[in-house]
Amino acid sequence: VEASIPEPQREAWTKHQVQGFTDKDGFEKEVVRHVETTLARSLYNCDEGAAYSAAALAFRDRLITNWNKTQQRQTFADSKRVYYLSLEFLMGRAMDNAMLNLGLKNVAKDGMQDLGFRIEDIIGQEHDAALGNGGLGRLAACFLDSLASLDYPAWGYGLRYRYGIFKQEIINGYQVEVPDYWLDFNPWEFPRHDVTVDIQFYGNVRKSQDENGKSVAHWEGGEIVTAVAYDVPIPGYATPSTNNLRLWSSKASSGEFDFQKFNNGDYESSVADQQRAETISAVLYPNDNLERGKELRLKQQYFWVAASLHDIVRRFKKSKRAWKEFPDQVAIQLNDTHPTLAIVELQRILVDKENLEWDEAWEIVTSTFGYTNHTVLPEALEKWSVGLFQHLLPRHLQIIYDINLFFLQSVEKKFPKDHDLLSRVSIIEESQVKMVRMAYLAIIGSHKVNGVAELHSDLIQTTIFRDFVTIFGADKFTNVTNGITPRRWLHQANPRLSELIASKTGGYDFLKDLTLLNQIEQYAGDKEFRKEWAEIKYANKVRLAKYIKSTLDVTVNPAALFDVQVKRIHEYKRQQLNIFGVIHRYLALKAMSPEERKKQLPRVSIFGGKAAPGYWMAKQIIHLINNVGAVVNNDPDIGDQLKVIFLEDYNVSKAEMIIPANDISEHISTAGTEASGTSNMKFVLNGGLIIGTCDGANIEITREVGQENIFLFGTLSEDVEDLRHQHNYSNHSIDSNLSKVFEAIQSGKFGEPNDFGAMISAVRDHGDYYLVSDDFESYLDTQKMVDTEYRNQDEWIAKCIRSVARMGFFSSDRCINEYAEGIWNVEPLVVKN
Ligand code: GPW
């Protein structure tokens, strides 16, 4: 590797190499320096915002020294790297995480105190980086944490949205979306104005012949948009390894064309060009588990994928290796089908630009990529119209047709005359409007395809991708059950529980090897330990109760059972089942005598989550929850016996406060619809029990914690199809408890009944696709069991302790090691301090 500074001058560099602070004094010095120089303020006008900015900049400097070491080490070692391509990275706050991963939180806490600030207040100043919708984006963030903590040489690639997921306000019970402008001050990124890639769109393809008579394609004309790199350092826990998340931002290309317009006085149109270019990375699409086929979304996908691949190829070419070694140096993981164009783009680079033969190129491409599927929901499977492709990416469409042709020829050879099979597996769907099926392209262009929990991986192999298992064999398909990072979701979110565990397991090693949690199981019967455990849980509930009081002005009793369902609002996740259950509970309480009512177990039902702006039914569900809350919370008959809370603007930093306060959490999707779920793991890891269906990772959580420690109910996935069929073709009878709930809603008890007519008739008149009526009775019965068991606090806490002790499997470290070994074939590369 060549250095830009010649040998004789390097001494000066080595002498002045930045080491970064390691103690309180050093930290304070850096904070004061940033307040006084970078921010141009002083002790006379340093508010909490400025103190946060300075502390964040001090930590950023600290991270970048580790980042430099790590990147140099990776470049010198020239070993294989992983590239994780994701349209979403739901990072949340960075500073608390950086302090903890560097082991400098106490240093910062004491330092800030010396300077006149409380560390919690300073941490609270940070705006979440919310470049994601929900589970898929947060999974990517947990993976980055594990990749760095395990010393894997890995980069994330994504888009630098100017606006992340919208901020949710609740006004008169309705969701209102407010833009999330988060880049006003973002100390966690390094703009790399010198790292740019020009990306082409539209235009047309000209074919010519080279000197050997080989046909060569030239993609010409159209327009160019420039991608600019912004780097975000990702620190590992208790290691100097600091990886890179590279986010691309779009801007108008500074080609002559624009200058000409400008110089000719066509000022407005040159500004319009600029704005159109910047639109590409302007906003995150706010849909979870839904693809709407918008042109701008496809533009985002190609822009990001092309810039990332260009970057990866540029890095590979520096090593001067032969092309066939590309898969030995590069593993690219596709986070769902959103980056599938990367397959086509790499083939295009190799064939059109680097003049490789098709087969040789295709061998490299398919050895490089792995594809992770995250859903079986038909409305979430990406399809793009051939017409749109032809217009936006004409050369890519040709390559897709060629990939498809060669693939279908190979299928035909293996399964002669099965024309039905050929049309079923064709990348091109021959419908009225021809469509490109992105999942099929992703499968054909990858060497491994995985689902994200056992049930889900089984389902994709037996349903939506069944034909491909027949064609490629079962070895190509595998499962990697999702995981979560215990650094953020235990140590950061629940510091007291982390400390208690550390006191019994001989330190914080469990944060690097979560299976060590099993050492706390022996304390499940220990009175003193249970008492400390219960105190921590209570304190976490008090913290949430205070937050509820300050934001909603509702008083909740921290001694009540806290029942939490926070996640994106979706019919398949069935918040409607939960709120119908709450209404049933309310009606039952109202029917009781005051004496009897007093004997019931008090409960606080807590909801939170965003609805996609265009998802009308999800918005109705939010509205109903808020209306029920308004009635129940103000009913003097009810008092503390039941409270219904909708927390506004659920996001990562709020999750860190809410999750540790749960007694039970709800993961109640219709069986077979939730690919995995990951918050289920977070809730149990924080000492709560689950009420859930036999879906996604709930099944494996049950396997690990034992079925006596989880409240399962409802239809099994193998029975779902039959029930749906019955709903449509025979009389669909509604449970009488559910009918009473419907009657209460229709009586106007919870506001204008017409508002909720569609929600009710979806269940009663339109086939009940999500099986709410089928599962209602067993849901109520199971909630009753929860009430009963919660009364025995000793046994309840013992169950929580045993569950936490058995959660080691769900660390994203385990998950990343499985990817590394089974899919990427990469090894850790340790960086020395
Ligand atoms: F539709 N997931 C998500 F598969 O959060 F692309 N957004 C999405 O758009 C999709 C999936 C997609 C979630 C799954 O719903 C959840 O079950 C899973 O735990 C998570 O991805 C991570 O694998």
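Trainee: Which side chain has an N or O atom 3.1 Å from an oxygen atom of the ligand?
Mentor: That is Asp288, where an N or O atom in the side chain is 3.1 Å from an oxygen atom of the ligand, and please keep in mind as we go on that this is a predicted model.

Trainee: OK, and how far is the polar side-chain atom of Asn482 from a ligand oxygen?
Mentor: A polar atom in the side chain of Asn482 lies 2.8 Å from an oxygen atom of the ligand, and for Tyr572 the corresponding distance, again from a polar side-chain atom to a ligand oxygen, is 3.2 Å.

Trainee: How much of the ligand does the protein bury?
Mentor: The ligand taken alone exposes 470 Å², and 96% of that area is buried by the protein.

Trainee: Where does the ligand sit, then?
Mentor: The ligand is placed in the largest cavity, and 18 residues surround the ligand there, of which the closest are Leu136, His374, Asn482, Glu674 and Gly677.

Trainee: How do the shell residues divide into nonpolar, polar and charged?
Mentor: The shell around the ligand is made up of six nonpolar residues, nine polar ones and three charged ones.

Trainee: Switching topic: where is Gly173, and is it buried or exposed?
Mentor: Gly173 belongs to the loop between β5 (167–171) and β6 (174–178), and it counts as buried because its relative accessible area is 11%, which is under the 20% cut-off for that word.

Trainee: Which side chain does Asn450 make a polar contact with?
Mentor: The partner is Thr372, whose side chain is joined to the side chain of Asn450 by a polar contact of 2.8 Å.

Trainee: Last one: where is Glu535, and why is it called partly exposed?
Mentor: Glu535 lies in helix α22, residues 527–552, and it is called partly exposed because its relative accessible area is 41%, a value that falls between the 20% and 50% cut-offs.

Trainee: And how far apart are Glu535 and Gln522 in space?
Mentor: From C-alpha to C-alpha, Glu535 and Gln522 are 19 Å apart in space, and in sequence they are 13 residues apart.

Methods:
Residues are numbered from 1 along each chain as its sequence is written. This is a predicted model: local features need pLDDT of at least 70, side-chain atom pairs count only at pLDDT 80 or more; totals for chains, interfaces and linings use all residues. Side-chain values use heavy atoms; hydrogens and water are left out. A residue is near a molecule or strand if one of its heavy atoms lies within 4 Å of it. A polar contact is a pair of N or O atoms within 3.5 Å; within protein, one must be able to donate a hydrogen and the other to accept it, and residues adjacent in sequence count only if both atoms are side-chain atoms. Accessible areas come from the Shrake-Rupley method with a 1.4 Å probe; for residues, only the protein chains shown count as cover. On a 1 Å grid over the protein atoms alone, a cavity is a set of points where a 1.4 Å probe fits but cannot get out, and a pocket is an open set with protein on both sides within 12 Å along at least five of seven lines; lining residues have an atom within 4 Å of a point. A molecule sits in a cavity or pocket if more than half of its atoms lie within 2 Å of its grid points. Ala, Val, Leu, Ile, Met, Phe, Trp, Tyr, Cys and Pro count as nonpolar, Asp, Glu, Lys and Arg as charged, and the others, Gly among them, as polar. Helices (H or I, at least four residues) and strands (E, at least two) are DSSP runs, numbered from the N terminus. Buried means under 20% relative accessible area, exposed over 50%, partly exposed in between (1.4 Å probe, protein chains only).
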